[in-house]
Amino acid sequence: MQLTILVCDDSILVRRQLRDLLEELGCRVIEAKNGLEGVKLYKEENPHATFMDIVMPVMDGLELLRNLRANRATKGVGFILVTGKPTPELVAKGRSLGMNNMIKKPFTTAQLKACIEQVVGPLA
């Protein structure tokens with residue numbers, strides 16, 4: 001089964017990097033530039049997991065996480081926080097909202113693979 005991953009980041013460069021690496025790992029990738037688009041794509045695409053940035057316009061990553069965890073249909077989906085500055089406060093806030101994992105920018109393909117496998121299990 002091919003995993004569908006939502007990449008939600010306002011930076012097109014970060015979205016491209018994540019898309020390229022995740023596709024290398026055999027995942028199907030859909031993209032959103034803010035949390036509001038992310039909510040819409042969850043309803044349309046039903047992804048298995050998401051990589052989300054914290055700082056985005058319209059709806060940030062934590063609000064997206066809060067919104068989707070409150071929805072019965074999406075509350076069990078894997079959420080991975082992508083940030084360049086993983087402060088203890090940010091990590092604690094993400095965990096309190098139901099974040100499954102976090103990856104610090106910049107990252108390698110191996111780090112990305114290990115991060116997602118901790119959430120969804122071994123990739124084929």
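**Notes on the predicted model**

1. The accessible surface of the protein chain comes to about 6,400 Å², and carbon and sulfur atoms account for 53% of that area. Please keep in mind that the model is predicted. Buried residues make up 48% of the 124 residues in the chain.

2. The protein chain contains 5 helices and 5 strands. In sequence order, these elements follow the pattern β-α-β-α-β-α-β-α-β-α. The radius of gyration of the chain is 13 Å, close to the 14 Å that the globule rule gives for 124 residues, so the chain is as compact as a globular protein of that length. Along its principal axes, the C-alpha trace spans about 30 × 30 × 25 Å.

3. On charge: the chain carries 17 positive and 14 negative charges.

4. How many aromatic pairs does a search of the whole structure find? The search gives 1 aromatic pair. Its members are Tyr42 and Phe79, and the pair is stacked, with 6.1 Å centre to centre and 25 degrees between the planes. The angle meets the cut-off for stacking, because planes under 30 degrees apart count as stacked. Tyr42 lies in helix H2 (residues 35-45) and Phe79 in strand S4 (residues 78-83), so the pair ties together parts that are 37 residues apart in sequence. Both Tyr42 and Phe79 are buried.

5. Leu68 belongs to helix H3 (residues 61-69). Is Leu68 buried or exposed? Its relative accessibility is 2%, so Leu68 counts as buried. With neighbours within four places in sequence left aside, Leu68 is in contact with Val39, Tyr42, Thr74, Lys75 and Phe79. That list includes Tyr42 and Phe79, the residues of the aromatic pair in point 5. As for Lys85, it is 17 residues from Leu68 in sequence, and the C-alpha to C-alpha separation of the two is 23 Å.

6. Which peptide bond is cis, with omega near -10 degrees? The bond in question runs from Lys105 to Pro106. Pro106 sits in the loop between strand S5 (101-104) and helix H5 (109-120). Anyone preparing the model for further work may wish to look at this bond.

7. Asn46 has a phi near 50 degrees, which is a positive value in a residue other than glycine. The residue lies in the loop between H2 and strand S3 (49-53). At 51% relative accessibility, Asn46 counts as exposed, since the cut-off for exposed is over 50%.

8. Val58 also has a positive phi, near 70 degrees, and is likewise a residue other than glycine. Where is Val58 placed? Val58 is found in the loop between S3 and H3. Its relative accessible area is 64%, so Val58 is exposed.

9. To sum up the local points: the stacked pair is Tyr42 and Phe79, and Leu68 is in contact with both of these residues. The cis peptide bond is the one from Lys105 to Pro106. Positive phi values are found at Asn46 and at Val58, and each of these lies in a loop, with Asn46 between H2 and S3 and Val58 between S3 and H3.

Notes
Residues are numbered from 1 along each chain as its sequence is written. This is a predicted model: local features need pLDDT of at least 70, side-chain atom pairs count only at pLDDT 80 or more; totals for chains, interfaces and linings use all residues. Side-chain values use heavy atoms; hydrogens and water are left out. Helices (H or I, at least four residues) and strands (E, at least two) are DSSP runs, numbered from the N terminus. The radius of gyration is taken over C-alpha atoms; the globule rule is 2.2 Å times the number of residues to the power 0.38. Buried means under 20% relative accessible area, exposed over 50%, partly exposed in between (1.4 Å probe, protein chains only). Accessible areas come from the Shrake-Rupley method with a 1.4 Å probe; for residues, only the protein chains shown count as cover. Lys and Arg count as positive and Asp and Glu as negative; His and the chain ends are not counted. The place of a charge is taken as NZ of Lys, CZ of Arg, CG of Asp or CD of Glu. Rings of Phe, Tyr and Trp (its six-membered ring) pair if their centres lie within 6.5 Å; planes under 30 degrees apart count as stacked, over 60 as edge-to-face and the rest as tilted. Contact means heavy atoms within 4.5 Å.
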